[in-house]
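Dear colleague,

Please find below the structure that I am handing over to you. My notes on it follow directly after.

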Amino acid sequence: MTMAGNLRKVTGLGRVGGLRRVARLARRRPRVDLSHPARSPLGSSVVNCVTYRDGVRAPRGGDLVDTVERVRKHGHGFVWLGLHEPTNDEFAGIAELFDLHPLAVEDAVEAHQRPKVERYGETLFAVFKTVCYVEHEELTATSEVVDTGEIMVFVGRDFVITVRHGRHGSLGPLREELESDTTQLAKGPSAVLHAIADHVVDDYLNVIDSVQEDIDQVETDVFAANGARADPGRIYQLKRELLELKRAVVPLGRPLLDLSDRPVRVIDPEIQAYFRDVSDHLLRATEQIAAFDELLNSILQAHLAQVTVAQNEDMRKITAWAAVIAVPTMVCGVYGMNFDHMPELHWRFGYPLVLGVISVACWVLYRGFRRNGWL
């Protein structure tokens, strides 16, 4: 029987007795290493499971249930469990073990949530939208510029559970960086929450810098000599991708302010000052996105104005040539009428004279239009 099945048999996991019952069930099978996804008893969604005491990674020993029981018995340290796109069945046992609220569990499994921070009793549930810049050789009307994912974080007194959705946003490098700063990691699960928030917001700024290069390129193309020929689809595509980025960044502002200002039981007071710094970085990202949106609107309006001017110039050229062609058309139309008594009709030099008059009239019109810039 898998650990997930064992965990689902327990109803009172918040009590020590419930943990011991699960532990007895778990001891009936060989112990495995939760840090390896292919060998995880909870399924391939488990990426890592580590215990930290005083900011230092504790040696692996036992399974998840034993680890949690040991941490709660000693009263210090915490467990960091990382998962990637778990299913309902894979997450059910974990939810029971850590007494997670059903609504938060549903959000963590289904994904596609709005950035937020919610409190469920002694547990804090945070949702972060991760973003990644998609490299491309040339921006087109169908180029993908920003790819998004999600990181859900459950923070309790003695545990942190991260649930990641998407192809990017791995927390492995962040974990290594945190482990090198034992003083910060010793402050508990709230230090991990701050590190994740800081990591996500830094990615926002990096993506914004890359998007700015695309905007600069579009701006250069639009204001080039043949800017009216530029593809407006690229501008609309950038606006769509910028909207995707805006949906990830803007809603996170209020939750970060709450984490930095309002007292939360599971957040170390010293960590709240760090959340203020993250909130400042997020504000910068929000302001840049708003500025980019206005700039793209201006670029689009300038492009439309250039197209209108180019169309007016084309119409002027067409009108000028039509005026030049109208002179021989009129003269030929007059002499094409079948009348016997017409001036110079039977004169030997009548035909050369008419051609000369037409040529001179057309040349005068051409010179006049050319002087006024119509041709």
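Which residues does F128 touch, not counting residues up to four places away in sequence? They are G149, E150, I151, V153, L193, I196, A197, V200 and L252, where contact means heavy atoms within 4.5 Å.

Please note that this is a predicted model, in which local features need pLDDT of at least 70 and side-chain atom pairs count only at pLDDT 80 or more, while totals for chains, interfaces and linings use all residues. Residues are numbered from 1 along each chain as its sequence is written, and side-chain values use heavy atoms, with hydrogens and water left out.

The pLDDT is the predictor's confidence in each residue, from 0 to 100. Its mean over the protein chain is 79, and 83% of the residues reach 70 or more. Over residues 1–43 the pLDDT is below 50, and this stretch has 81 contacts in the model beyond near neighbours in sequence.

F128 is also one of the residues that touch the most other members of the largest nonpolar core, which has 59 residues. Such a core is a set of buried Ala, Val, Leu, Ile, Met, Phe, Trp, Tyr and Cys residues joined through side-chain atoms within 4.5 Å; buried means under 20% relative accessible area, with a 1.4 Å probe and protein chains only. Helix 8 (residues 189–222) gives the most to this core, with 16 residues. Helices (H or I, at least four residues) and strands (E, at least two) are DSSP runs, numbered from the N terminus. Apart from this core lies another, of 27 residues, including V68, I94, F98 and Y120.

Seven strands form an open sheet with mixed pairing, in the order 2-1-3-7-6-5-4; two strands pair if DSSP finds at least two bridges between them. Strand 2 (56–57) and strand 4 (116–120) stand at the edges with a single partner strand each, so one side of each is left without a neighbour in the sheet. Strand 1 (residues 46–53) and strand 2 run antiparallel and are joined by two bridges, with R53 opposite V56.

Helix 6 (residues 172–179) packs on the sheet, where it touches strand 1, strand 2 and strand 3 (78–84), and its direction makes about 10 degrees with that of strand 1. Axes are lines fitted to C-alpha atoms, for helices over the stretch in contact, and angles run from 0 to 180 degrees between N-to-C directions.

Finally, just after helix 3, G75 takes a positive phi of about 80 degrees.

With kind regards

Key
Buried < 20%, exposed > 50% of the residue type's maximum accessible area, 1.4 Å probe, protein only.
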